[in-house]
Amino acid sequence: MYDAALWQPSAELSVLRQRADLFGKIRQFFADRDVMEVDTQSLSLASISDPHIEVLTANTHSMGQDLTYYLQTSPEFAMKRLLCTGAGSIYQLGKVFRAEEMGRRHSIEFTMLEWYRISFDHWQLMDEIEALLQTLIAPSVICESLSYRQAFIDFTGLDPWHASLLELQRCAHQVNEYGLQEEDRDTLLELIFATVIEPSIGQQQPCFIHSYPASQAALAKLHQDADGNQVAARFELYWRGMELANGYHELTDAQEQAARFAQDKAQRQMAGSAERQFDERLVSALAQGMPDCAGVALGVDRLLMLICDKKDIAEVLAFAHERA
């Protein structure tokens with residue numbers, strides 16, 4: 001039966017005022033640093049390759065042909081194409097979409113802040129994120145930092161570089177009944193991280209996890225750590241049990257990007273996932289040359305949840321879930 005009360009917002013007006021204030025502070029932060037705001041498309045004829053993220057689509061008929069547009073899960077590819085034209089350091093604050101189950105921390109439509117800093121590496125970008133949080137929240141916000149490997153050793157006693165498959169299966173089985181059946185190392189590592197490590201880090205202050213396994217590089221460059229291990233030049237930021245941001249020292253090699261697209265496509269086919277058009281225009285742009293840079297995406301709604309001490313993402317969105 002229709003509920004007449006669903007016309008009302010899911011967030012209190014006081015929270016929406018804080019949201020507006022947050023947007024203003026974000027824009028001022030980047031204006032002070034001469035980082036240009038851009039506004040790229042929400043609909044694209046191509047999409048991401050990530051085998052773990054599903055997308056929303058819109059079908060239309062135009063100029064005598066049927067077209068499938070993808071609602072963007074991130075403005076990353078479009079922003080990188082702008083970087084390749086010489087746009088310089090840029091940021092975008094806007095809506096993105098992901099076909100995932102809605103819940104306390106997830107909405108199919110949410111607000112993302114994404115930015116790219118020319119001549120930065122991921123270490124410098126982490127420093128800038130800390131400065132942003134100090135501006136948006138309080139000068140007392142100091143971020144902790146921990147390598148992926150050290151986090152595993154501290155909270156599980158296992159070295160993710162050297163632990164056997166059986167050791168990882170047994171560790172995962174302690175928190176998930178399917179752990180013993182899983183034979184993919186990265187899947188086990190991600191399961192253990194999400195269920196054992198993630199709830200234990202960043203409880204008092206935000207915590208950066210950096211130097212991920214090379215197999216989890218996504219769109220990041222690779223480099224060697226102090227022990228000579230090849231690791232991904234990427235980080236994620238966690239605070240009070242939530243992932244807030246995901247950043248990279250960005251991959252600029254077109255051939256390597258194409259190879260990673262092909263690898264993702266193979267993984268999707270093996271998993272029986274739906275086919276989708278990957279954005280080959282990004283590869284073409286990289287072939288023309290992208291400047292050395294670091295980039296990060298930050299979940300604005302989740303950050304506002306922390307600022308306002310809210311437990312459900314619906315409490316910081318004007319019209320969430322069934323009210324949309």
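Reply: Leaving aside its neighbours within four places in sequence, Asp 279 is in contact (heavy atoms within 4.5 Å) with Ala 46, Ser 47, Phe 77, Arg 81 and Phe 261. Asp 279 lies in the loop between H7 and H8; helices here are DSSP runs of H or I with at least four residues, and strands are runs of E with at least two, both numbered from the N terminus. Asp 279 is buried, at a relative accessible area of 3%, where buried means under 20%, exposed over 50% and partly exposed in between, with a 1.4 Å probe and protein chains only. This is a predicted model, in which local features need pLDDT of at least 70 and side-chain atom pairs count only at pLDDT 80 or more, while totals for chains, interfaces and linings use all residues. Residues are numbered from 1 along each chain as its sequence is written, and side-chain values use heavy atoms, with hydrogens and water left out.

Two packed helices are described by the angle between their axes and the distance between the axes. The axes are lines fitted to C-alpha atoms, for helices over the stretch in contact, and angles run from 0 to 180 degrees between N-to-C directions.

Helix H7 (residues 254-271) packs against H8 at about 160°, the axes being 8 Å apart. H7 is therefore roughly antiparallel to H8; angles over 145 degrees count as roughly antiparallel, under 35 as roughly parallel, 65 to 115 as roughly perpendicular and the rest as oblique. The crossing of H7 with H8 is right-handed, that is, the near helix is turned clockwise from the far one by less than a right angle, anticlockwise being left-handed. From H7, Ala 254, Gln 257, Ala 258 and Phe 261 meet Leu 282, Val 283, Leu 286 and Ala 287 of H8. Seven residues of this contact are nonpolar, one is polar and none is charged; Ala, Val, Leu, Ile, Met, Phe, Trp, Tyr, Cys and Pro count as nonpolar, Asp, Glu, Lys and Arg as charged, and the others, Gly among them, as polar.

H8 (residues 280-288) also packs with helix H2 (residues 76-83), their axes coming within 9 Å and crossing at roughly 25°. H2 and H8 are therefore roughly parallel to each other, and their crossing is left-handed. Phe 77, Lys 80 and Arg 81 of H2 make the contact with Arg 281, Leu 282 and Ala 285 of H8. The residues of the contact of H2 with H8 comprise three nonpolar, no polar and three charged. Phe 77 and Arg 81 are also among the residues that Asp 279 touches.
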